[in-house]
Amino acid sequence: MRSARVLGLAAATICVLVSCGSDTDATTVTAETTDTQDEMDRAAEMALYHAELDAFVAAFRAGYPELARNRNDASIAHIAIEPCIDLANGADEQTVTATIPALAEYRGTIPTPEQMQQIYTLVVPVCP
């Protein structure tokens with residue numbers, strides 16, 4: 001990621017120094033480099049988010065086998081995604097923790113209050 005930025009900036013600098021084209025060309029190269037860097041940054045953020053979400057799923061499966069049994073990864077990931085949305089919208093810890101039982105419940109097995117708090121603790125690092 002860094003090398004792409006350096007190469008883009010180097011190309012723009014060389015172009016300006018040797019007057020290859022108009023100022024518009026240099027501006028276009030810089031804008032394209034910035035757009036490419038923004039896309040790479042977003043891709044890196046998404047990769048990190050997915051890695052953290054995968055870690056949540058693995059930790060949930062290991063810590064709460066009775067809630068994870070016969071459940072697909074997407075269903076377990078949803079337990080983290082909904083609270084993250086709530087937190088991003090300004091909900092406090094108590095409000096978010098109170099939503100966890102409905103999200104984590106599976107075939108009549110509901111997390112205990114202690115498990116709700118532990119699950120909340122697993123959720124927070126996932127949230128961007």
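Before selecting anything, a word on axes: they are lines fitted to C-alpha atoms, for helices over the stretch in contact, and angles run from 0 to 180 degrees between N-to-C directions. Helices (H or I, at least four residues) and strands (E, at least two) are DSSP runs, numbered from the N terminus. This is a predicted model, where local features need pLDDT of at least 70, side-chain atom pairs count only at pLDDT 80 or more, and totals for chains, interfaces and linings use all residues. Residues are numbered from 1 along each chain as its sequence is written, and side-chain values use heavy atoms, with hydrogens and water left out.

**The whole thing.** Colour by secondary structure and you'll get six helices and zero strands. Of the 128 residues, 28% are buried (under 20% relative accessible area; exposed is over 50%, partly exposed in between; 1.4 Å probe, protein chains only).

**H4 and H5.** Now select residues 73-88, which are helix H4, and 93-104, which are H5. The H4 and H5 axes come within 10 Å and cross at roughly 155°, so the two helices are roughly antiparallel (angles over 145 degrees; under 35 is roughly parallel, 65 to 115 roughly perpendicular, the rest oblique). Show side chains for the contact (heavy atoms within 4.5 Å): His78, Ile79, Glu82, Pro83, Asp86 and Leu87 from H4 meet Val96, Thr99, Leu103 and Ala104 from H5. By class that's six nonpolar, two polar and two charged residues (Ala, Val, Leu, Ile, Met, Phe, Trp, Tyr, Cys and Pro count as nonpolar, Asp, Glu, Lys and Arg as charged, and the others, Gly among them, as polar).

**H5 and H6.** On the H5 side, pick Glu93, Val96, Thr97, Ile100, Pro101 and Ala104; on the H6 side, Met116, Gln117, Ile119 and Tyr120. This contact splits into seven nonpolar, two polar and one charged residue.

**Zoom on Thr97.** Is Thr97 buried or exposed? At 7% relative accessibility, Thr97 counts as buried. Leaving aside residues up to four places away in sequence, Thr97 touches Met116, Gln117 and Tyr120.
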